[in-house]
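Look at it first, then follow the questions.

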Amino acid sequence: MNMMMECFPQKLSGILGNMTGKRIAVIGDIILDRYIRGSVERISPEAPIPIVQAQETFVRLGGAANVMQNVIALGGAAFAFGIVGDDDAGHEVISQLCRNKIECSGVVTAVTRETTVKTRILSGSQQLLRIDKENTSPINDDQKELLIVRLTRLLADNQIDAVVLEDYAKGVLDQEISQAIVDAANHYGVFSLLDPNPRNHMRVEKLTVLKPNCRELWALGGVLPSNNRADLVRAASTIMQDWEIENLVLTLAQDGILLFSRTGDPAGSALPAVAREVYDVSGAGDTVIAVIAMALAAHAEIREAVLLGNLAAGIAVGKLGTSTVSSLEIQQELAKNNLS
């Protein structure tokens, strides 16, 4: 069933308006993206590699922080929870969070841990090389406890409308901390959403939304990948039942989104991708989960939240690099698709 036909255009526009001021806590792996951009005019005589004449260096927030930036772009308030090192990159992350008006008192500085940094070498818009500096070992028990206590305190004070767990498999999230956060969110009647990572095998029960892509779905289900729609449905249904999840939002890249809900069609509701020239898919998943969290906080039904997330993904892939999508851009996309 086409969800576009189920949703009243005026209500979708109203949901976008109601997103303003919604408070979203995001816990996960915060990454500093560093870029060195230049031009290539010759090949090195030392090895068959291009020589990049560096012209500019700049940094961006990445990982879980990209979800936070999308929340801000949608008119919400973002609360950051994660780990940085007591190093130059960690200080830069805190500075960037403040500059982007993201509440960062939930970020823990660990003197024994380095901040995750991804350095990309670019020629124009073409990426030539990426250098990763990271510590992917699990954070220690004291750090887990600090994150849980700080986030639970906000939940208890009714300062959070939804919690997003954003897993980049860099050590912040494991089954213990994730389940504790979801249990606390459920206790205080707050939506919980998880964007999983296939390298981090954990089972988190009683989520409001689990948002995997196909690769993550197969890994979570412990089954071999398949292109068969029936196998997708079977894997999603099994995970929903075993994990006691309310909704599973399966992102299918160029094929759109498949929504599974306890109150919906057992075979899933399909939402085709919005036709658009694709420049870069990086960060599109961050945009989708941010929009869904904000829409649910704005009292949208799950199918309406997913529709808005799908439209936002179409906008995000039309931009270079990890980027944010604003409510105004989604509103324009609604108009373009005759949905407003």
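This is a predicted model: local features need pLDDT of at least 70, side-chain atom pairs count only at pLDDT 80 or more; totals for chains, interfaces and linings use all residues.

Me: In what order do the four strands of the open sheet lie?
Reply: Strands here are DSSP runs of E, at least two residues long, and helices are runs of H or I, at least four long, both numbered from the N terminus. Two strands pair if DSSP finds at least two bridges between them. The pairing in this sheet is mixed, and the order is E3-E2-E6-E7.

Me: Which strands stand at the edges?
Reply: An edge strand here has a single partner strand, so one side is left without a neighbour in the sheet. That applies to strand E3 (50-63) and strand E7 (126-133).

Me: How many degrees does the twist average from one strand to the next?
Reply: Axes are lines fitted to C-alpha atoms, for helices over the stretch in contact, and angles run from 0 to 180 degrees between N-to-C directions. From one strand to the next, the average twist is 20 degrees.

Me: Which residue in E3 is the bridge partner of Arg34?
Reply: Strand E2 covers residues 30-43. E2 and E3 pair in the antiparallel sense over 13 bridges. The E3 partner of Arg34 is Val59.

Me: Do E2 and E6 pair in the parallel or antiparallel sense?
Reply: Leu32 stands opposite Val117 in E6. E2 and E6 share eight bridges, and their sense is parallel.

Me: Why is E6 described as largely enclosed by the rest of the structure?
Reply: Buried means under 20% relative accessible area, exposed over 50%, and partly exposed in between, using a 1.4 Å probe and protein chains only. E6 is largely enclosed because its buried residues number seven of the eight.

Me: Which residue in the turn between E6 and E7 has a positive phi?
Reply: E6 and E7 pair in the antiparallel sense over seven bridges. They form a hairpin with two residues between them. The phi is about 65 degrees, and the residue is Gly124.

Me: At about what angle to E3 does helix H3 run?
Reply: Helix H3 (residues 88-99) lies across E2, E3 and strand E6 (116-123). Its angle to E3 is about 60 degrees.

Me: Is Gln179 buried or exposed?
Reply: Gln179 is found in helix H5 (residues 175-187). Contact means heavy atoms within 4.5 Å. Leaving aside neighbours within four places in sequence, Gln179 is in contact with Arg203, Val204 and Glu205. Its relative accessibility is 16%, so Gln179 counts as buried.

Me: What is the volume of the largest cavity?
Reply: On a 1 Å grid over the protein atoms alone, a cavity is a set of points where a 1.4 Å probe fits but cannot get out; a pocket is an open set with protein on both sides within 12 Å along at least five of seven lines, and lining residues have an atom within 4 Å of a point. Grid points are joined across faces, edges and corners, and a volume is the space filled by probe spheres set on the points. The lining includes Asp29, Ile30 and Lys170. The volume is about 80 Å³.

Me: Which helix gives the largest share of the lining of the second largest pocket?
Reply: About 190 Å³ of space lies in this pocket. Among its 13 lining residues, those closest to the centre are Gly221, Val223, Ala235, Thr238 and Ile239. The largest share is seven residues, and it comes from H7.

How values were computed:
Residues are numbered from 1 along each chain as its sequence is written. Side-chain values use heavy atoms; hydrogens and water are left out.
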